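Subject: The structure I promised you

Hi,

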Amino acid sequence: MQVWTSIDQVPRDFASVVTIGNFDGMHRGHRRVISACVDRARKRGVAAVACTFDPHPRQVHQPDSHMQLISPLEDRLSAMDAAGLDHTLVIHYDRSFYSLTAREFVQLTLVEVLGAVEVVVGEDFRFGKDNAGTVETLRELGREYGFDVVMVADIISPQGRRWSSSWVRELLDEGDVAQAAYVLGRQHRVRGVVQHGFKRGRKLGFPTANLSEGIDGVVPADGVYAGWVVRSVPNTTAREFYPAAISVGTNPQFGGDKRTVEAHVLGRADLNLYGERIAVHFVERIRAMQAFDSVDALTAQMDDDLRQTALVLGIGVSGRVDPDAVTAN
């Protein structure tokens, strides 16, 4: 998939089927819309194109909300590529763009730049200045400018809710990463650069890869999770997956006040991840975060966390490691 960050990069005399959206998290509903776009483009013999926005409109219009994206742009684009799109136009979302009326957006972007012969959108699609444009507005403009409009119906879950980014955020705020994965169609993950911590876990036999600054993605509720640490293999597109027990919180046992994500790779004392940008995938919540009466009680619980993590991930049980065997420095 080719990514354009400016309309100037789009070839002239271009023809396409276009879909439009934020696609934050690229959940099942998003993938259904994009799949329809790709199918329609293949039938028409033109390119399948998505228009998405960076930053997210809510981050621009409601900066005090401090909204964190479910997944960073790189993950969103990777998922869109996997969905079969030929191109994605990343539109910089600022005043010059959100001031466009619905008609101006259609004419300047969809018609004159992307040569849309068909536009595929979801039921809740809104566009143009003040979100005044609806699906019906798009259909009216389509008749005028010569493109068709396809509306893809929402997917309704067995719980009676439509698949949405808002639902994913609610689930992550509750720590229900397993249900979030069901809505997303994949495990939720965050990314960040591994930094030095206080190394308390190492002294107890649980060395961790610590993410605290600049984490990309919504960090789920405080607690202990089973999951995976994923690192890139240098100079390749390959990835290495390591089973991990993941702690999210402020470390109340030691009076911490800074929220971090700490991942202990089961059974490994030889990993040096400092300075690497890694992904942490969340599979299932093991328990809530809590403080214990003693360090011994804490380590006993952590031993059980490792057993529960191994059970969730379907791997052999690994105990704590020898602190003197840890090679990372």
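Below is what I found, one spot at a time. Keep in mind that this is a predicted model.

**Two helices side by side**

Start with helix α7, which covers residues 165-174, and helix α8, which covers residues 177-184. Their axes come within 8 Å and cross at roughly 165°. Angles over 145 degrees count as roughly antiparallel, so α7 is roughly antiparallel to α8. The crossing of the two is left-handed.

Which residues of α7 and α8 make the contact? On the α7 side, look for W167, V168, L171 and L172. On the α8 side, they are V177, Q179, A180, V183 and L184. Sorted by class, this contact has eight nonpolar residues and one polar residue, with no charged ones.

Is D305 buried or exposed? Its relative accessible area is 4%, and buried means under 20%, so D305 is buried.

What does the side chain of D305 make a polar contact with? The partner is the side chain of R287, at 2.9 Å. Leaving aside residues up to four places away in sequence, D305 touches V224, I286 and R287.

**A cis peptide bond**

Now go to D54 and P55, which are joined by a cis peptide bond with omega at about 0°. P55 sits in the loop between β3 (47-54) and α2 (57-61).

**Two residues with positive phi**

Last stop: D13 and F23. D13 has phi near 55°, a positive value in a residue that isn't glycine. F23 also has phi near 55°, again positive and again not in a glycine.

Where do they sit? D13 is in the loop between β1 (2-4) and β2 (16-20), while F23 is in the loop between β2 and α1 (28-44).

Are they buried or exposed? D13 has 84% relative accessibility, and the cut-off for exposed is over 50%, so D13 counts as exposed. F23 has a relative accessible area of 4%, which is under 20%, so F23 is buried.

That's the tour. Have a look at each spot in the viewer, and write back with any questions.

Cheers

Definitions and conventions
Residues are numbered from 1 along each chain as its sequence is written. This is a predicted model: local features need pLDDT of at least 70, side-chain atom pairs count only at pLDDT 80 or more; totals for chains, interfaces and linings use all residues. Side-chain values use heavy atoms; hydrogens and water are left out. Axes are lines fitted to C-alpha atoms, for helices over the stretch in contact, and angles run from 0 to 180 degrees between N-to-C directions. Helices (H or I, at least four residues) and strands (E, at least two) are DSSP runs, numbered from the N terminus. Angles under 35 degrees count as roughly parallel, over 145 as roughly antiparallel, 65 to 115 as roughly perpendicular and the rest as oblique. A crossing is left-handed if the near helix is turned anticlockwise from the far one by less than a right angle, and right-handed if clockwise. Contact means heavy atoms within 4.5 Å. Ala, Val, Leu, Ile, Met, Phe, Trp, Tyr, Cys and Pro count as nonpolar, Asp, Glu, Lys and Arg as charged, and the others, Gly among them, as polar. Buried means under 20% relative accessible area, exposed over 50%, partly exposed in between (1.4 Å probe, protein chains only). A polar contact is a pair of N or O atoms within 3.5 Å; within protein, one must be able to donate a hydrogen and the other to accept it, and residues adjacent in sequence count only if both atoms are side-chain atoms.
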